[in-house]
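Please work through the exercises below with the sequence and the structure open beside you, and try each task before you read its solution.

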Amino acid sequence: MSAPPRPINWNLLTSEQAEIEWLELNSWVSWLKLSYGLTPAVLPPLWHRHPELVWELSALHCHWLGAYDPEQHASGPITWHRDFTEARMRLREWVQASGTRIDRDRPTRQTTWPGDTPYPAAAEAPIVDRDSDFVEFVKADVASRRADEDAYFKLLAEDESSRSCNPV
(Lines give C-alpha, C1' and ligand atoms only; values in the text may rest on other atoms or scores of the structure.)
Protein backbone atom coordinates (compact mmCIF):
# COMPACT_ATOMS: atom_id res chain seq x y z
CA MET A 1 0.00 0.00 0.00
CA SER A 2 1.40 3.41 -0.92
CA ALA A 3 1.26 6.45 1.31
CA PRO A 4 -1.66 8.84 0.83
CA PRO A 5 -0.97 11.92 -1.31
CA ARG A 6 0.49 14.82 0.60
CA PRO A 7 1.29 18.40 -0.32
CA ILE A 8 4.85 19.00 -1.52
CA ASN A 9 6.71 21.92 0.00
CA TRP A 10 9.59 22.36 -2.46
CA ASN A 11 11.38 24.65 0.00
CA LEU A 12 11.74 21.88 2.59
CA LEU A 13 12.64 18.82 0.51
CA THR A 14 15.93 17.05 1.12
CA SER A 15 18.14 16.35 -1.88
CA GLU A 16 16.90 12.76 -2.02
CA GLN A 17 13.24 13.76 -1.70
CA ALA A 18 13.64 16.48 -4.33
CA GLU A 19 15.10 14.10 -6.88
CA ILE A 20 12.17 11.71 -6.43
CA GLU A 21 9.58 14.49 -6.55
CA TRP A 22 11.12 16.09 -9.66
CA LEU A 23 11.07 12.78 -11.53
CA GLU A 24 7.51 11.96 -10.47
CA LEU A 25 6.25 15.43 -11.32
CA ASN A 26 8.00 15.43 -14.69
CA SER A 27 6.46 12.09 -15.58
CA TRP A 28 3.00 13.24 -14.58
CA VAL A 29 3.34 16.59 -16.38
CA SER A 30 4.36 14.74 -19.57
CA TRP A 31 1.27 12.55 -19.22
CA LEU A 32 -0.90 15.62 -18.55
CA LYS A 33 0.43 17.44 -21.62
CA LEU A 34 -0.32 14.50 -23.89
CA SER A 35 -3.63 13.49 -22.32
CA TYR A 36 -5.13 16.96 -22.47
CA GLY A 37 -3.31 18.33 -25.53
CA LEU A 38 -1.93 21.27 -23.56
CA THR A 39 -0.26 23.93 -25.65
CA PRO A 40 2.92 25.81 -24.67
CA ALA A 41 0.67 28.76 -23.77
CA VAL A 42 -0.50 26.65 -20.81
CA LEU A 43 2.43 24.29 -20.32
CA PRO A 44 5.77 25.38 -21.80
CA PRO A 45 8.68 22.95 -22.25
CA LEU A 46 10.83 24.52 -19.51
CA TRP A 47 8.08 24.73 -16.89
CA HIS A 48 10.56 23.34 -14.36
CA ARG A 49 12.58 26.59 -14.53
CA HIS A 50 9.64 28.69 -13.36
CA PRO A 51 8.77 28.31 -9.66
CA GLU A 52 5.24 29.64 -10.16
CA LEU A 53 4.58 26.84 -12.66
CA VAL A 54 6.27 24.21 -10.49
CA TRP A 55 4.14 25.09 -7.48
CA GLU A 56 0.92 25.10 -9.53
CA LEU A 57 1.69 21.84 -11.32
CA SER A 58 2.82 20.18 -8.11
CA ALA A 59 -0.42 21.15 -6.36
CA LEU A 60 -2.42 19.96 -9.34
CA HIS A 61 -0.54 16.65 -9.31
CA CYS A 62 -1.22 16.11 -5.60
CA HIS A 63 -4.89 16.96 -6.18
CA TRP A 64 -5.02 14.46 -9.07
CA LEU A 65 -3.44 11.73 -6.91
CA GLY A 66 -6.08 12.31 -4.25
CA ALA A 67 -8.96 12.52 -6.72
CA TYR A 68 -8.05 9.23 -8.38
CA ASP A 69 -7.14 7.35 -5.21
CA PRO A 70 -9.21 4.13 -5.06
CA GLU A 71 -10.39 5.10 -1.59
CA GLN A 72 -11.66 8.47 -2.81
CA HIS A 73 -15.30 9.37 -3.25
CA ALA A 74 -16.58 8.91 -6.80
CA SER A 75 -16.93 12.67 -7.22
CA GLY A 76 -13.17 13.22 -6.77
CA PRO A 77 -12.36 13.17 -10.51
CA ILE A 78 -15.04 15.71 -11.46
CA THR A 79 -13.82 18.00 -8.69
CA TRP A 80 -10.29 17.64 -10.04
CA HIS A 81 -11.45 18.54 -13.55
CA ARG A 82 -13.26 21.63 -12.27
CA ASP A 83 -10.12 22.72 -10.44
CA PHE A 84 -7.98 21.84 -13.47
CA THR A 85 -10.02 24.32 -15.53
CA GLU A 86 -9.17 27.07 -13.05
CA ALA A 87 -5.53 25.97 -12.87
CA ARG A 88 -5.18 26.16 -16.67
CA MET A 89 -6.26 29.80 -16.54
CA ARG A 90 -3.63 30.56 -13.90
CA LEU A 91 -0.96 28.63 -15.81
CA ARG A 92 -1.79 30.60 -18.96
CA GLU A 93 -1.46 33.90 -17.07
CA TRP A 94 1.90 32.92 -15.55
CA VAL A 95 3.26 31.64 -18.85
CA GLN A 96 2.27 34.91 -20.50
CA ALA A 97 3.85 36.97 -17.71
CA SER A 98 7.05 34.92 -17.65
CA GLY A 99 7.62 35.09 -21.40
CA THR A 100 8.59 31.43 -21.78
CA ARG A 101 7.71 29.95 -25.17
CA ILE A 102 7.92 26.69 -27.12
CA ASP A 103 11.35 27.53 -28.56
CA ARG A 104 12.90 29.99 -26.09
CA ASP A 105 12.90 30.71 -22.40
CA ARG A 106 13.99 33.33 -19.92
CA PRO A 107 13.73 33.50 -16.15
CA THR A 108 10.51 35.00 -14.88
CA ARG A 109 10.95 38.75 -14.52
CA GLN A 110 11.14 39.98 -10.97
CA THR A 111 9.80 43.32 -9.79
CA THR A 112 12.27 45.39 -7.80
CA TRP A 113 10.65 47.19 -4.89
CA PRO A 114 11.89 50.62 -3.80
CA GLY A 115 15.10 50.19 -1.82
CA ASP A 116 15.82 46.69 -3.19
CA THR A 117 18.88 45.86 -5.21
CA PRO A 118 17.72 45.60 -8.83
CA TYR A 119 17.48 42.09 -10.24
CA PRO A 120 19.74 41.34 -13.20
CA ALA A 121 18.14 41.51 -16.63
CA ALA A 122 16.65 38.17 -17.62
CA ALA A 123 18.35 36.88 -20.76
CA GLU A 124 16.36 34.83 -23.23
CA ALA A 125 17.86 31.56 -24.46
CA PRO A 126 16.80 29.09 -27.15
CA ILE A 127 15.39 25.73 -26.08
CA VAL A 128 17.47 23.07 -27.82
CA ASP A 129 16.73 19.87 -25.89
CA ARG A 130 14.00 19.99 -23.27
CA ASP A 131 14.76 16.60 -21.72
CA SER A 132 18.49 17.32 -21.34
CA ASP A 133 17.66 20.68 -19.80
CA PHE A 134 15.38 19.00 -17.28
CA VAL A 135 18.04 16.43 -16.33
CA GLU A 136 20.70 19.13 -15.87
CA PHE A 137 18.27 21.31 -13.91
CA VAL A 138 17.41 18.47 -11.52
CA LYS A 139 21.07 17.51 -11.09
CA ALA A 140 21.90 21.12 -10.17
CA ASP A 141 18.95 21.40 -7.77
CA VAL A 142 19.82 18.11 -6.04
CA ALA A 143 23.51 19.08 -5.82
CA SER A 144 22.61 22.46 -4.32
CA ARG A 145 20.35 20.86 -1.74
CA ARG A 146 23.02 18.26 -0.92
CA ALA A 147 25.63 21.00 -0.45
CA ASP A 148 23.25 22.82 1.92
CA GLU A 149 22.65 19.59 3.84
CA ASP A 150 26.38 18.85 4.05
CA ALA A 151 27.09 22.38 5.31
CA TYR A 152 24.32 22.07 7.89
CA PHE A 153 25.55 18.71 9.20
CA LYS A 154 29.13 19.97 9.26
CA LEU A 155 28.02 22.94 11.34
CA LEU A 156 26.12 20.62 13.69
CA ALA A 157 29.19 18.38 14.07
CA GLU A 158 31.42 21.38 14.78
CA ASP A 159 28.93 22.70 17.32
CA GLU A 160 28.70 19.27 19.00
CA SER A 161 32.48 18.97 18.98
CA SER A 162 32.93 22.39 20.57
CA ARG A 163 30.35 21.55 23.27
CA SER A 164 32.07 18.28 24.15
CA CYS A 165 35.42 20.07 24.47
CA ASN A 166 33.97 22.85 26.61
CA PRO A 167 31.66 21.30 29.23
CA VAL A 168 29.24 23.74 30.80
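The exercises that follow concern a predicted model, and each solution goes step by step.

**Exercise 1.** Determine how the axes of α1 and α2 are oriented to each other, and which residues meet between the two helices.

*Solution.* Begin with the extents: helix α1 covers residues 15-36, and helix α2 covers residues 51-67. The two axes come within 10 Å and cross at roughly 80 degrees. Angles of 65 to 115 degrees count as roughly perpendicular, and α1 and α2 are therefore roughly perpendicular to each other. In the contact between them, the residues of α1 include W22, W28 and W31, while those of α2 include L57, H61 and W64.

**Exercise 2.** Find the nonpolar surface patch to which Y36 belongs, and classify the exposure of Y36.

**Exercise 3.** Examine the salt bridge of E124 with R104, and state where each partner lies.

*Solution.* The closest N and O atoms of E124 and R104 are 3.1 Å apart, which is within the 4 Å cut-off for a salt bridge. The pair links distant parts of the chain, since E124 is in the loop between β1 and β2 and R104 is in strand β1, 20 residues apart. E124 is partly exposed at 46% relative accessible area, and R104 is likewise partly exposed at 31%.

Key. Residues are numbered from 1 along each chain as its sequence is written. This is a predicted model: local features need pLDDT of at least 70, side-chain atom pairs count only at pLDDT 80 or more; totals for chains, interfaces and linings use all residues. Side-chain values use heavy atoms; hydrogens and water are left out. Patches are made of residues with over 30% relative accessible area and no salt bridge: like charges are joined within 9 Å, nonpolar side chains (Val, Leu, Ile, Met, Phe, Trp, Tyr) within 5 Å. Accessible areas come from the Shrake-Rupley method with a 1.4 Å probe; for residues, only the protein chains shown count as cover. A salt bridge is a side-chain nitrogen of Lys or Arg within 4 Å of a carboxyl oxygen of Asp or Glu. Helices (H or I, at least four residues) and strands (E, at least two) are DSSP runs, numbered from the N terminus. Buried means under 20% relative accessible area, exposed over 50%, partly exposed in between (1.4 Å probe, protein chains only). Axes are lines fitted to C-alpha atoms, for helices over the stretch in contact, and angles run from 0 to 180 degrees between N-to-C directions. Angles under 35 degrees count as roughly parallel, over 145 as roughly antiparallel, 65 to 115 as roughly perpendicular and the rest as oblique. Contact means heavy atoms within 4.5 Å.
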